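Subject: Handover of a structure and notes on its contents

Dear colleague,

Please find below the structure that I am passing on to you. My notes follow it, and I would ask you to read them with the model open.

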Amino acid sequence: MNKDVNKYLKDIKSLLPDFSEEKHYYDNLRILIEKETKNNPHMTYEDCVEQYGHPKDILIHFYEESDGDFIIERVRKQQLSRNIFNVVFGCVVVLAFIAIFLIFMVFLRKSLL
């Protein structure tokens, strides 16, 4: 594959999240484009856009083909993981403040002695 086709595939991959269904969709598209590139080794980025569509259009097409329940489940999982991250981050911040306070108290006690 040439440089333009690699850039086109990279642009598509950067838009699709790296989950199993999206990866499967991307792999199928990549195989299709690789076969086309063998027939036309001088394929440009514009040729890819003309034949397959803009990378954003491919992303939109993927989600239009997807089941609504799949998308809702994906959003819920992302919200859950975001909430878990926020709780863990909050706990780390609180523990850091407690550790700093305890170190400060030990420092004050040693300086008073």
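A residue is called buried when its relative accessible area is under 20%, exposed when it is over 50%, and partly exposed in between (1.4 Å probe, protein chains only). This is a predicted model, in which local features need pLDDT of at least 70 and side-chain atom pairs count only at pLDDT 80 or more, while totals for chains, interfaces and linings use all residues. Residues are numbered from 1 along each chain as its sequence is written, and side-chain values use heavy atoms, with hydrogens and water left out.

Helices (H or I, at least four residues) and strands (E, at least two) are DSSP runs numbered from the N terminus. A salt bridge is a side-chain nitrogen of Lys or Arg within 4 Å of a carboxyl oxygen of Asp or Glu. The structure holds 5 salt bridges.

Please begin with Asp 27, which forms a salt bridge with Lys 23, with 3.7 Å between the closest N and O atoms. Both residues lie in helix H2, 4 residues apart, or about one turn of the helix. Lys 23 is partly exposed, at 43% relative accessibility. Asp 27 also meets Arg 30 in a salt bridge (3.7 Å, N to O). Because Asp 27 and Arg 30 are 3 residues apart in helix H2, about one helical turn separates them.

Arg 30 is partly exposed, with a relative accessible area of 25%. Its side chain meets that of Glu 34 in a salt bridge of 3.1 Å, N to O. Arg 30 and Glu 34 are 4 residues apart in helix H2, so they too are separated by about one helical turn. Glu 34 counts as partly exposed because its relative accessibility is 26%. Through shared partners, salt bridges join Lys 23, Asp 27, Arg 30 and Glu 34 into one network.

The side chain of Thr 37 reaches the backbone oxygen of Ile 33 at 2.7 Å.

Asn 2 lies in the segment before helix H1 (3–15). Asn 2 counts as buried because its relative accessibility is 19%. Which backbone oxygen does the side chain of Asn 2 reach at 3.0 Å? That oxygen belongs to Pro 41. A polar atom of the Asn 2 side chain also lies 2.6 Å from the backbone oxygen of Met 43.

**Surface patches**

Patches are made of residues with over 30% relative accessible area and no salt bridge; like charges are joined within 9 Å, and nonpolar side chains (Val, Leu, Ile, Met, Phe, Trp, Tyr) within 5 Å. Asp and Glu count as negative and Lys and Arg as positive, while His and the chain ends are not counted. The place of a charge is taken as NZ of Lys, CZ of Arg, CG of Asp or CD of Glu.

Asp 4, Glu 46, Asp 47 and Glu 50 form a negative surface patch. Helix H3 (residues 45–52) gives the most to this patch, with 3 residues. Asp 47 lies in helix H3 and is partly exposed at 31%.

Yours sincerely

Conventions:
Accessible areas come from the Shrake-Rupley method with a 1.4 Å probe; for residues, only the protein chains shown count as cover. A polar contact is a pair of N or O atoms within 3.5 Å; within protein, one must be able to donate a hydrogen and the other to accept it, and residues adjacent in sequence count only if both atoms are side-chain atoms.
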